[in-house]
Amino acid sequence: MAPILQRLDVGKPDSFTIPVELVLAALGLSIGVGLMPLLIFYAGVMTLGRYEGASLGHLYRSLFTGLAQGSIASWVVLLGPYGMYLLFKGLRAWWRASARLA
């Protein structure tokens with residue numbers, strides 16, 4: 001009986017390629033800086049409604065102020081997309097390693 005899940009690239013070792021990782025890191029950080037505050041702002045507006053003094057510019061300003069002051073929430077917004085990529089990559093490697101042991 002053939003296994004249900006099988007690896008297609010059996011002959012290739014897992015490798016760390018610096019240019020690809022740098023591009024993915026830059027992409028993740030640019031999403032964290034550019035897209036995440038935008039999504040957070042519009043999700044807040046859609047769920048809670050607008051409140052006085054709220055603007056997208058103020059959200060970006062508070063994000064960068066929080067980064068300078070070491071706010072954990074600001075750093076999570078910035079590093080969140082790249083962190084999710086690293087988490088997915090680590091879980092995938094763990095799953096592949098456990099499949100080799102079985």
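Predicted model: local features only at pLDDT ≥ 70, side-chain atom pairs only at ≥ 80, totals over all residues.
**Exercise 1. Find how many helices and strands the chain has, and how much of the chain is buried.**

Solution. 
- Start with the secondary structure: there are three helices and zero strands.
- Read from the N terminus, the order is α-α-α.
- Now turn to burial: of the 102 residues in the chain, 15% are buried.
- For the surface, the chain exposes about 8,100 Å², with carbon and sulfur atoms supplying 73% of that area.

**Exercise 2. Compare the end-to-end span of helix H3 with that of a straight helix, and locate its kink.**

Solution. 
- Helix H3 covers residues 72–101, which makes 30 residues.
- At 1.5 Å a residue, a straight helix would reach 44 Å.
- The end C-alpha atoms of H3 are only 38 Å apart, so they fall short of that value.
- Next, look along H3 for a kink: one of about 55° lies at Gly 80, shortly before Pro 81.

**Exercise 3. Decide whether Ser 74 is buried or exposed, and find what surrounds this residue.**

Solution. 
- Other buried residues of H3 include Val 77, Leu 78, Pro 81 and Tyr 82.
- The cover over the buried residues of H3 includes helix H1 (18–48) and helix H2 (56–69).
- Beyond neighbours within four places in sequence, Ser 74 touches Ser 62, Leu 63, Gly 66 and Leu 67.
- Finally, a polar atom of the Ser 74 side chain lies 3.5 Å from the backbone oxygen of Leu 63.

Definitions and conventions: Residues numbered from 1 in each chain as written. Heavy atoms only, no water. Helix = DSSP H or I, 4+ residues; strand = E, 2+ residues; numbered from the N terminus. Bend = angle between axes of the 7 residues up to and from the residue. Buried < 20%, exposed > 50% of the residue type's maximum accessible area, 1.4 Å probe, protein only. Contact = heavy atoms within 4.5 Å. Polar contact = N/O pair within 3.5 Å; in protein donor to acceptor, adjacent residues only side chain to side chain. Areas by Shrake-Rupley, 256 points an atom, 1.4 Å probe, with all protein chains shown as cover.
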